[in-house]
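Please keep the sequence and the model in view while reading.

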Amino acid sequence: MPTERLIVALQSYGVRLADARAGSASRRGGAGPSDHKAMTISGRTVMVPVHTATAFDSPFLVRRPDGDGVSLIEHDGAVIGQVTFPDTPRFYALRTFDGVPYSQIAVLHGRDVLATTVLQTCIRYASRAKTCRFCAIGQSLAAGRTIAHKSPQQLAEVARAAMLLDGVKHMVMTTGTPNATDRGAAVLCESAFAVKAAVDLPIQAQCEPPDDDRWFSRMKASGIDALGMHLEAVTPAVRAAIMPGKASVPLERYLAAFEAAVPVFGRGQVSTYVLAGLGDTAEAILSMAERLIGLGVYPFVVPFVPISGTPLESHPAPSPDFMHAVLGPLAGMLARAGLRSTDIKAGCGRCGACSALSSYEGRTP
(Lines give C-alpha, C1' and ligand atoms only; values in the text may rest on other atoms or scores of the structure.)
Protein backbone atom coordinates (compact mmCIF):
# COMPACT_ATOMS: atom_id res chain seq x y z
CA MET A 1 0.00 0.00 0.00
CA PRO A 2 1.45 3.45 -0.88
CA THR A 3 2.49 5.45 2.17
CA GLU A 4 -0.06 8.22 1.62
CA ARG A 5 -2.93 5.72 1.35
CA LEU A 6 -1.76 3.90 4.49
CA ILE A 7 -1.61 7.16 6.46
CA VAL A 8 -5.07 8.15 5.22
CA ALA A 9 -6.48 4.78 6.31
CA LEU A 10 -4.86 4.89 9.75
CA GLN A 11 -6.03 8.45 10.38
CA SER A 12 -9.56 7.63 9.25
CA TYR A 13 -10.00 4.41 11.21
CA GLY A 14 -7.50 4.93 14.03
CA VAL A 15 -5.55 2.01 15.46
CA ARG A 16 -5.67 -0.41 18.37
CA LEU A 17 -2.43 -0.57 20.36
CA ALA A 18 -1.03 -3.79 21.77
CA ASP A 19 1.20 -1.69 24.04
CA ALA A 20 -0.15 1.77 24.88
CA ARG A 21 3.07 2.57 26.77
CA ALA A 22 5.26 2.54 23.65
CA GLY A 23 6.87 5.88 22.80
CA SER A 24 5.72 9.28 23.97
CA ALA A 25 2.41 9.40 25.81
CA SER A 26 -0.76 9.84 23.78
CA ARG A 27 -2.86 12.98 24.17
CA ARG A 28 -6.43 13.13 25.47
CA GLY A 29 -8.69 16.16 25.17
CA GLY A 30 -7.48 19.74 24.84
CA ALA A 31 -6.79 21.73 21.71
CA GLY A 32 -4.99 20.46 18.64
CA PRO A 33 -4.61 16.77 17.72
CA SER A 34 -6.46 15.17 20.63
CA ASP A 35 -7.00 11.47 21.38
CA HIS A 36 -3.98 10.78 19.14
CA LYS A 37 -0.56 9.19 19.39
CA ALA A 38 2.52 10.14 17.36
CA MET A 39 3.84 7.39 15.07
CA THR A 40 6.56 7.39 12.43
CA ILE A 41 5.76 5.64 9.14
CA SER A 42 8.30 5.53 6.29
CA GLY A 43 10.19 8.43 7.82
CA ARG A 44 7.06 10.58 8.37
CA THR A 45 5.77 11.27 11.86
CA VAL A 46 1.99 11.45 11.92
CA MET A 47 -0.73 11.73 14.54
CA VAL A 48 -3.06 8.70 14.59
CA PRO A 49 -6.28 8.40 16.65
CA VAL A 50 -6.04 5.82 19.44
CA HIS A 51 -8.67 6.92 22.00
CA THR A 52 -11.72 7.37 19.77
CA ALA A 53 -14.71 5.06 19.38
CA THR A 54 -13.59 4.40 15.80
CA ALA A 55 -10.10 3.43 16.96
CA PHE A 56 -11.47 0.95 19.50
CA ASP A 57 -13.12 -0.96 16.65
CA SER A 58 -10.38 -0.37 14.09
CA PRO A 59 -9.30 -3.19 11.77
CA PHE A 60 -5.72 -1.94 12.29
CA LEU A 61 -3.61 -3.25 15.16
CA VAL A 62 -0.15 -1.99 16.05
CA ARG A 63 1.87 -4.75 17.70
CA ARG A 64 4.20 -4.39 20.68
CA PRO A 65 7.60 -2.96 19.62
CA ASP A 66 10.47 -5.39 19.14
CA GLY A 67 13.97 -4.95 20.57
CA ASP A 68 14.75 -2.30 17.94
CA GLY A 69 11.60 -0.32 18.71
CA VAL A 70 9.80 -1.40 15.51
CA SER A 71 6.10 -2.31 15.65
CA LEU A 72 4.24 -4.20 12.94
CA ILE A 73 0.92 -2.89 11.60
CA GLU A 74 -1.71 -5.56 11.01
CA HIS A 75 -4.98 -5.28 9.10
CA ASP A 76 -7.35 -8.07 10.05
CA GLY A 77 -4.33 -10.20 10.98
CA ALA A 78 -2.22 -9.50 7.86
CA VAL A 79 1.01 -7.49 8.27
CA ILE A 80 0.85 -4.41 6.02
CA GLY A 81 3.60 -2.15 7.37
CA GLN A 82 5.58 -1.03 10.38
CA VAL A 83 5.88 1.99 12.64
CA THR A 84 8.17 3.38 15.29
CA PHE A 85 7.23 5.72 18.12
CA PRO A 86 8.99 9.00 18.98
CA ASP A 87 10.50 9.00 22.46
CA THR A 88 9.17 11.16 25.27
CA PRO A 89 10.85 14.57 24.92
CA ARG A 90 13.46 15.37 27.54
CA PHE A 91 12.02 18.80 28.31
CA TYR A 92 8.91 17.11 29.79
CA ALA A 93 10.97 16.24 32.87
CA LEU A 94 11.50 19.90 33.82
CA ARG A 95 9.52 22.57 35.64
CA THR A 96 9.35 26.32 35.18
CA PHE A 97 10.95 28.69 37.67
CA ASP A 98 7.51 29.09 39.25
CA GLY A 99 7.02 25.34 39.56
CA VAL A 100 4.76 24.39 36.64
CA PRO A 101 5.67 21.20 34.72
CA TYR A 102 6.91 22.11 31.24
CA SER A 103 4.43 19.66 29.70
CA GLN A 104 1.58 21.81 31.06
CA ILE A 105 2.96 24.82 29.18
CA ALA A 106 3.71 23.27 25.79
CA VAL A 107 3.85 19.83 24.20
CA LEU A 108 5.62 18.15 21.33
CA HIS A 109 3.51 17.61 18.21
CA GLY A 110 4.68 15.38 15.41
CA ARG A 111 8.45 15.10 15.41
CA ASP A 112 9.90 18.57 15.88
CA VAL A 113 7.20 21.16 16.56
CA LEU A 114 6.45 22.68 19.96
CA ALA A 115 2.77 23.49 20.45
CA THR A 116 0.94 25.50 23.05
CA THR A 117 -2.54 26.86 23.66
CA VAL A 118 -1.77 30.22 25.25
CA LEU A 119 -5.32 30.68 26.56
CA GLN A 120 -6.97 27.36 27.40
CA THR A 121 -10.36 29.05 27.61
CA CYS A 122 -12.74 30.49 25.02
CA ILE A 123 -15.73 32.84 25.12
CA ARG A 124 -17.68 30.30 23.06
CA TYR A 125 -16.80 27.11 24.96
CA ALA A 126 -19.04 27.64 27.98
CA SER A 127 -22.19 28.15 25.90
CA ARG A 128 -23.95 25.17 24.35
CA ALA A 129 -25.47 27.54 21.84
CA LYS A 130 -22.09 28.88 20.71
CA THR A 131 -19.46 26.20 21.27
CA CYS A 132 -17.85 24.37 18.37
CA ARG A 133 -19.32 20.87 18.49
CA PHE A 134 -15.93 19.21 17.95
CA CYS A 135 -13.96 21.28 20.47
CA ALA A 136 -12.28 19.77 23.54
CA ILE A 137 -10.22 22.80 24.61
CA GLY A 138 -11.56 22.62 28.16
CA GLN A 139 -10.97 18.91 28.75
CA SER A 140 -7.24 19.02 29.45
CA LEU A 141 -7.72 22.07 31.68
CA ALA A 142 -10.44 20.32 33.70
CA ALA A 143 -8.20 17.25 34.04
CA GLY A 144 -5.29 19.33 35.38
CA ARG A 145 -3.00 18.58 32.43
CA THR A 146 -2.50 22.24 31.58
CA ILE A 147 -3.05 25.74 32.96
CA ALA A 148 -5.50 28.37 31.79
CA HIS A 149 -3.02 31.09 30.75
CA LYS A 150 0.60 30.47 29.87
CA SER A 151 2.61 33.60 30.62
CA PRO A 152 5.11 34.99 28.09
CA GLN A 153 7.93 34.17 30.51
CA GLN A 154 6.82 30.54 30.87
CA LEU A 155 6.53 30.12 27.10
CA ALA A 156 9.98 31.57 26.51
CA GLU A 157 11.53 29.30 29.16
CA VAL A 158 9.96 26.14 27.75
CA ALA A 159 10.68 27.05 24.11
CA ARG A 160 14.36 27.52 24.86
CA ALA A 161 14.61 24.19 26.69
CA ALA A 162 12.69 22.30 23.96
CA MET A 163 14.99 23.68 21.29
CA LEU A 164 18.19 22.90 23.21
CA LEU A 165 17.20 19.50 24.62
CA ASP A 166 14.99 18.05 21.87
CA GLY A 167 15.90 19.86 18.69
CA VAL A 168 12.51 21.51 18.19
CA LYS A 169 12.49 23.33 14.83
CA HIS A 170 9.38 25.51 15.02
CA MET A 171 6.52 26.46 17.31
CA VAL A 172 2.72 26.70 17.09
CA MET A 173 0.85 29.12 19.33
CA THR A 174 -2.92 28.80 19.28
CA THR A 175 -5.47 30.27 21.64
CA GLY A 176 -9.07 30.12 22.67
CA THR A 177 -10.93 33.22 21.57
CA PRO A 178 -10.90 35.71 24.49
CA ASN A 179 -13.07 38.47 22.97
CA ALA A 180 -14.94 39.58 19.84
CA THR A 181 -12.42 42.27 18.85
CA ASP A 182 -8.76 41.24 18.45
CA ARG A 183 -9.87 37.59 18.97
CA GLY A 184 -6.57 36.59 20.56
CA ALA A 185 -4.11 38.54 18.42
CA ALA A 186 -2.93 40.67 21.35
CA VAL A 187 -2.05 37.77 23.66
CA LEU A 188 -0.29 36.01 20.77
CA CYS A 189 1.80 39.12 20.09
CA GLU A 190 3.07 39.38 23.66
CA SER A 191 3.75 35.64 23.78
CA ALA A 192 5.69 35.58 20.50
CA PHE A 193 7.72 38.64 21.47
CA ALA A 194 8.90 36.94 24.67
CA VAL A 195 9.81 33.68 22.90
CA LYS A 196 11.75 35.44 20.14
CA ALA A 197 13.65 37.44 22.77
CA ALA A 198 14.82 34.15 24.29
CA VAL A 199 15.40 31.93 21.25
CA ASP A 200 15.40 32.16 17.44
CA LEU A 201 12.51 29.77 16.78
CA PRO A 202 10.08 30.21 13.86
CA ILE A 203 6.53 30.73 15.17
CA GLN A 204 3.08 30.22 13.73
CA ALA A 205 0.22 31.95 15.55
CA GLN A 206 -3.38 30.80 15.20
CA CYS A 207 -6.54 32.78 15.95
CA GLU A 208 -9.81 33.86 14.45
CA PRO A 209 -9.54 36.90 12.14
CA PRO A 210 -9.18 40.03 14.29
CA ASP A 211 -11.61 42.85 13.68
CA ASP A 212 -8.86 45.19 12.46
CA ASP A 213 -6.38 44.23 9.72
CA ARG A 214 -3.68 46.33 11.39
CA TRP A 215 -3.20 43.42 13.78
CA PHE A 216 -1.43 41.49 11.04
CA SER A 217 1.45 43.97 10.90
CA ARG A 218 1.61 44.00 14.69
CA MET A 219 1.77 40.21 14.78
CA LYS A 220 4.54 40.16 12.21
CA ALA A 221 6.50 42.82 14.11
CA SER A 222 6.18 40.82 17.36
CA GLY A 223 8.09 37.90 15.79
CA ILE A 224 5.27 35.79 14.34
CA ASP A 225 6.47 34.22 11.08
CA ALA A 226 3.31 32.48 9.86
CA LEU A 227 -0.38 32.84 10.57
CA GLY A 228 -3.22 30.34 10.77
CA MET A 229 -6.87 31.43 10.64
CA HIS A 230 -8.94 28.29 10.59
CA LEU A 231 -12.17 27.93 8.64
CA GLU A 232 -12.75 24.35 9.88
CA ALA A 233 -15.75 24.03 7.49
CA VAL A 234 -16.20 25.77 4.14
CA THR A 235 -19.95 26.13 3.57
CA PRO A 236 -22.21 28.43 5.60
CA ALA A 237 -24.76 25.72 6.44
CA VAL A 238 -22.16 23.33 7.84
CA ARG A 239 -20.41 26.12 9.73
CA ALA A 240 -23.69 27.23 11.34
CA ALA A 241 -24.58 23.67 12.37
CA ILE A 242 -21.16 22.60 13.64
CA MET A 243 -19.78 25.83 15.14
CA PRO A 244 -22.63 28.30 15.64
CA GLY A 245 -20.56 30.81 17.61
CA LYS A 246 -17.55 30.84 15.32
CA ALA A 247 -19.85 31.03 12.28
CA SER A 248 -20.82 34.52 13.43
CA VAL A 249 -17.53 35.53 11.82
CA PRO A 250 -18.67 34.98 8.22
CA LEU A 251 -16.71 33.44 5.38
CA GLU A 252 -16.47 36.88 3.77
CA ARG A 253 -14.52 38.19 6.77
CA TYR A 254 -12.14 35.24 6.60
CA LEU A 255 -11.51 35.79 2.91
CA ALA A 256 -10.94 39.51 3.42
CA ALA A 257 -8.57 38.74 6.30
CA PHE A 258 -6.63 36.25 4.16
CA GLU A 259 -6.31 38.86 1.43
CA ALA A 260 -4.96 41.39 3.92
CA ALA A 261 -2.63 38.98 5.74
CA VAL A 262 -0.84 37.39 2.77
CA PRO A 263 1.04 40.59 1.76
CA VAL A 264 2.26 40.88 5.36
CA PHE A 265 3.44 37.30 5.91
CA GLY A 266 4.03 36.17 2.32
CA ARG A 267 2.49 33.63 -0.06
CA GLY A 268 2.10 30.27 1.61
CA GLN A 269 2.81 31.67 5.08
CA VAL A 270 -0.90 32.14 5.80
CA SER A 271 -2.85 28.92 6.18
CA THR A 272 -6.22 27.60 7.22
CA TYR A 273 -7.33 24.30 8.76
CA VAL A 274 -10.20 22.54 7.00
CA LEU A 275 -11.74 19.53 8.76
CA ALA A 276 -12.91 17.07 6.14
CA GLY A 277 -15.86 14.96 7.23
CA LEU A 278 -18.00 17.55 9.02
CA GLY A 279 -20.55 17.67 6.19
CA ASP A 280 -18.86 19.60 3.38
CA THR A 281 -18.68 17.70 0.11
CA ALA A 282 -15.35 16.97 -1.53
CA GLU A 283 -16.35 19.35 -4.32
CA ALA A 284 -17.06 22.16 -1.84
CA ILE A 285 -13.72 21.67 -0.10
CA LEU A 286 -11.80 21.67 -3.38
CA SER A 287 -13.69 24.71 -4.65
CA MET A 288 -12.80 26.68 -1.51
CA ALA A 289 -9.22 25.37 -1.67
CA GLU A 290 -8.88 26.69 -5.21
CA ARG A 291 -10.10 30.09 -4.05
CA LEU A 292 -7.72 30.11 -1.09
CA ILE A 293 -4.73 29.04 -3.16
CA GLY A 294 -5.50 31.89 -5.55
CA LEU A 295 -5.08 34.26 -2.59
CA GLY A 296 -1.76 32.65 -1.62
CA VAL A 297 -3.25 30.77 1.35
CA TYR A 298 -2.24 27.17 2.11
CA PRO A 299 -5.38 25.06 2.79
CA PHE A 300 -4.36 22.37 5.28
CA VAL A 301 -7.08 19.72 4.93
CA VAL A 302 -7.18 17.11 7.69
CA PRO A 303 -9.62 14.31 8.52
CA PHE A 304 -12.10 15.13 11.25
CA VAL A 305 -11.48 13.07 14.39
CA PRO A 306 -14.49 12.56 16.72
CA ILE A 307 -13.14 13.34 20.19
CA SER A 308 -14.58 11.58 23.21
CA GLY A 309 -16.67 13.81 25.46
CA THR A 310 -17.68 16.27 22.73
CA PRO A 311 -21.12 16.55 21.08
CA LEU A 312 -19.62 15.02 17.92
CA GLU A 313 -17.99 12.04 19.61
CA SER A 314 -20.23 9.68 17.62
CA HIS A 315 -19.95 11.56 14.33
CA PRO A 316 -18.24 9.33 11.76
CA ALA A 317 -14.73 10.11 10.60
CA PRO A 318 -14.34 10.57 6.82
CA SER A 319 -13.61 7.43 4.83
CA PRO A 320 -10.17 6.88 3.26
CA ASP A 321 -11.81 7.14 -0.19
CA PHE A 322 -13.23 10.55 0.70
CA MET A 323 -9.85 11.79 1.91
CA HIS A 324 -8.12 10.45 -1.21
CA ALA A 325 -10.69 12.22 -3.39
CA VAL A 326 -9.80 15.50 -1.68
CA LEU A 327 -6.06 15.23 -1.02
CA GLY A 328 -5.05 13.94 -4.45
CA PRO A 329 -6.55 16.86 -6.43
CA LEU A 330 -5.55 19.33 -3.71
CA ALA A 331 -1.90 18.29 -3.98
CA GLY A 332 -2.11 18.95 -7.72
CA MET A 333 -3.56 22.43 -7.14
CA LEU A 334 -0.78 23.27 -4.68
CA ALA A 335 1.90 22.04 -7.08
CA ARG A 336 0.55 24.14 -9.94
CA ALA A 337 0.49 27.21 -7.69
CA GLY A 338 4.00 26.61 -6.36
CA LEU A 339 2.82 26.31 -2.74
CA ARG A 340 4.63 23.64 -0.74
CA SER A 341 4.38 22.60 2.88
CA THR A 342 8.17 22.49 3.08
CA ASP A 343 8.30 26.24 2.37
CA ILE A 344 6.07 27.15 5.30
CA LYS A 345 8.24 28.67 8.04
CA ALA A 346 6.29 27.24 10.98
CA GLY A 347 3.04 25.62 11.95
CA CYS A 348 0.61 22.83 11.20
CA GLY A 349 1.10 22.83 7.44
CA ARG A 350 4.85 22.51 7.79
CA CYS A 351 4.52 19.80 10.45
CA GLY A 352 1.93 17.91 8.42
CA ALA A 353 1.43 15.24 11.09
CA CYS A 354 -2.38 15.51 11.21
CA SER A 355 -2.91 14.88 7.50
CA ALA A 356 -1.46 12.83 4.64
CA LEU A 357 -1.44 15.96 2.45
CA SER A 358 2.33 16.39 2.41
CA SER A 359 2.73 12.75 1.34
CA TYR A 360 0.41 13.42 -1.59
CA GLU A 361 2.46 16.54 -2.35
CA GLY A 362 5.58 14.36 -2.50
CA ARG A 363 4.00 12.17 -5.18
CA THR A 364 2.78 15.09 -7.30
CA PRO A 365 5.14 16.30 -10.08
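Two strands count as paired if DSSP finds at least two bridges between them. Helices (H or I, at least four residues) and strands (E, at least two) are DSSP runs, numbered from the N terminus. The model is predicted: local features need pLDDT of at least 70, side-chain atom pairs count only at pLDDT 80 or more, and totals for chains, interfaces and linings use all residues. Residue numbers start from 1 along each chain as its sequence is written, and side-chain values use heavy atoms, without hydrogens and water.

**Strands S2 and S3**
- Strand S2 (residues 36–41) runs antiparallel to S3, and 6 bridges join them.
- Thr-40 stands opposite Thr-45 in S3.
- The two strands form a hairpin with 2 residues between them, and Ser-42 in the turn has a positive phi of about 50°.
- Strand S3 (residues 44–49) is largely enclosed by the rest of the structure, because 6 of its 6 residues are buried (under 20% relative accessible area, 1.4 Å probe, protein chains only; exposed is over 50%, partly exposed in between).
- Arg-44, Val-46 and Val-48 lie on one side of S3, and Thr-45, Met-47 and Pro-49 on the other.

**Helix H5**
- Helix H5 (residues 185–198) has buried residues that include Val-187, Leu-188 and Val-195.
- These buried residues pack against helix H4 (152–166), strand S9 (170–174), strand S10 (203–206) and helix H6 (214–221), where contact means heavy atoms within 4.5 Å.

**Helix H9**
- Among the buried residues of H9 are Ile-285, Leu-286, Met-288 and Leu-292.
- Their cover includes helix H8 (251–265) and helix H10 (320–337).
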